[in-house]
Amino acid sequence: MGKAYVITSGKGGVGKTTSSANIGTSLAMLGKKVCLLDLDIGLRNLDVVLGLDNRIMYDIVDVAVGRAKLAQALVKDKRFDDLLYLLPAAQNTDKSALNQDQVKEIVDDLKPDFDYILIDCPAGIEQGFMNAIAGADSAIIVTTPEISAVRDADRVVGLLEQHPLQEQPRLIINRIRQHMMKDGSVMDVDEITHHLGVELLGIVLDDDAVITTSNKGEPIVLQAENPAGQGYRDIARRLIGESVPLMELKDEVKPTFWQKVGHWFKKS
Amino acid sequence: MQDAAVLKGTKDGYEIVLDENAGIEAIFSALKKLLNGLQAQTLSTKPQIISFDIDTGRRLWSAENRARIETIFADYADFSVHKITSNVITKEESARRLEQLSVHVIDKIIRNGQDERIQGDVLFLGKVHEGGKLLVSGNIYVLGEVSGIIQAGTPDFEDKMIIGDVHNAQQVRIGEQFEILDDTRHHIDGGTVIYVNDLHVLDYGKVEDLKQINPKFFNQIGGVING
């Protein structure tokens, strides 16, 4: 029987969809069977980030109203054998097209066949948010070190306290710029975690490659050396119950002269 | 047997006492009888409108029955009801008054977008995050962290106070007075008392000066500060 996590933040643009795609992919790389559920109806992106946008036949609204069977709407990611699936959002309607019972029913139908169901929540705290938490057993809250994102995360934690899920929510701090956190111009990891009073699940560093890989439809976790990918892989391992130490924030070391020279030769 | 409605004269005027043990219908007929008799008496004298206080004793009258009393009086041009009083209150009202008198210890996080409303005084040990509101009808003693909005004397009691360190708060409010702390330069620490002064303006004092700021409250707590 699988477990359903909703990935939410309140604020838009903090990396809910990127996090969903990368955590889902990492779990699949660890051999777990994963279904990603895009609930951002009308503004779907998860399919694009995964590079599956050209394979969509049916969507979640089709399943909810009975136009398609669940198995028909699931899109398989061929890179991971039989492990990673996506249930895409509808693009031609809006968040009110679904209700909480329908979402819950779909998630319950998926649970026997998957180890993990990750629900990508839309921004905001209206109907779409309520739908997304209706089917979930636990929540993963994504924030960035910006005050506005932390405020919205605080609001979401408050709402989750009013509608408690089976398990306590956990926190991901995304897009960390090490030098800004080091020099104190943004809240640091401990401050954010302590302020929100939510258990920390992991941190993810800001990296240009996250954007370039997302544009290509390849999750960043597929790059073994990338620190942001490492952050997401650590998060996935913590989700399956492994104990992984938190990544240390280091001062960015400027490359030495000889390293620069070496870099020129590598390129050519 | 005593009549179910009895006329009494008090120093404030006339009072009709309704027997708390009599049946409602018996009271209504007794009341009519009494008023008929009074009307017969007053007809001979110069007409003058008489207003009655009605005392229902240890019985609470429903709004419906109170309305029936009013309709009975409406038949008599010279008589009117001044007020209907009772010696007892409802359980809800008594619970509300008790709550109003008690001190509540609040130890929770009030998050962005949440309103916490409390009747009575509050000893606050928790946290109010930015965008959260703590709205209290009585006084507040703050030992926790306040980064949101804190209001004593909700909705309009200006004799209440906020004591404690609220220097991080977005707004402090007492009754209908409010202040945006960013706009003020008051020094606020653990020994600060925020109150509404005689000019109906929020003012900042020290807990040592509580005796001058609010003598009534000072006496109520026994006149002892810091031990």
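In what order do the strands of the open sheet in chain B stand? The order is β1-β2-β3-β4, with 4 strands and mixed pairing.

Before the tour begins, note that this is a predicted model, in which local features need pLDDT of at least 70, side-chain atom pairs count only at pLDDT 80 or more, and totals for chains, interfaces and linings use all residues. Residues are numbered from 1 along each chain as its sequence is written, while chains are lettered from A and ligands numbered from 1 in the order in which they are written.

**Stop 1: the sheet of chain B**

Select β1 (5–10) and β4 (79–85) of chain B. Both stand at the edges of the sheet with a single partner strand each, so one side of each is left without a neighbour there. Strands here are DSSP runs of E with at least two residues, helices are runs of H or I with at least four, and both are numbered from the N terminus. Two strands pair if DSSP finds at least two bridges between them. On average, neighbouring strands of this sheet are turned by 30° against each other, direction ignored.

Next, select strand β3 (residues 50–55) of chain B: 6 bridges join β3(B) to β4(B), and the two run parallel. Within this pair, Asp53(B) stands opposite Lys83(B) in β4(B).

**Stop 2: the helices on the sheet**

Axes are lines fitted to C-alpha atoms, for helices over the stretch in contact, and angles run from 0 to 180 degrees between N-to-C directions.

How do the axes of α1(B) and α2(B) cross? They come within 11 Å and cross at roughly 20°. That makes α1(B) roughly parallel to α2(B), a term for angles under 35 degrees. The contact joins Ile24(B), Phe28(B), Leu31(B) and Lys32(B) of α1(B) to Asn65(B), Arg68(B) and Ile72(B) of α2(B). Residues are in contact if their C-beta atoms, placed from the backbone, lie within 7 Å.

**Stop 3: the annotated domain**

Select residues 105–196 of chain B, where UniProt places the feature "domain: Septum formation inhibitor MinC C-terminal" (unreviewed entry). The end C-alpha atoms of this span lie 24 Å apart, and the span is 0% helix and 47% strand.

**Stop 4: helix pairs in chain A**

Move to helix α1 (residues 16–29) and helix α11 (residues 227–239) of chain A, whose axes come within 8 Å and cross at roughly 60°. Their contact includes Ile23(A) and Leu27(A) of α1(A), and Ile235(A) and Leu239(A) of α11(A).

Select helix α5 (residues 100–110) and helix α6 (residues 127–134) of chain A: their axes come within 8 Å and cross at roughly 35°. Here Gln100(A), Val103(A) and Lys104(A) in α5(A) meet Met130(A), Asn131(A) and Ala134(A) in α6(A).

**Stop 5: where the chains meet**

Finally, show both chains together. How many residues of chain A are in contact with chain B? There are 6, in contact with 8 residues of chain B.

Definitions and conventions:
UniProt positions renumbered as here; feature names shortened; annotations may be inferred. Contact = placed C-beta atoms within 7 Å. Parallel < 35°, antiparallel > 145°, perpendicular 65-115°, else oblique.
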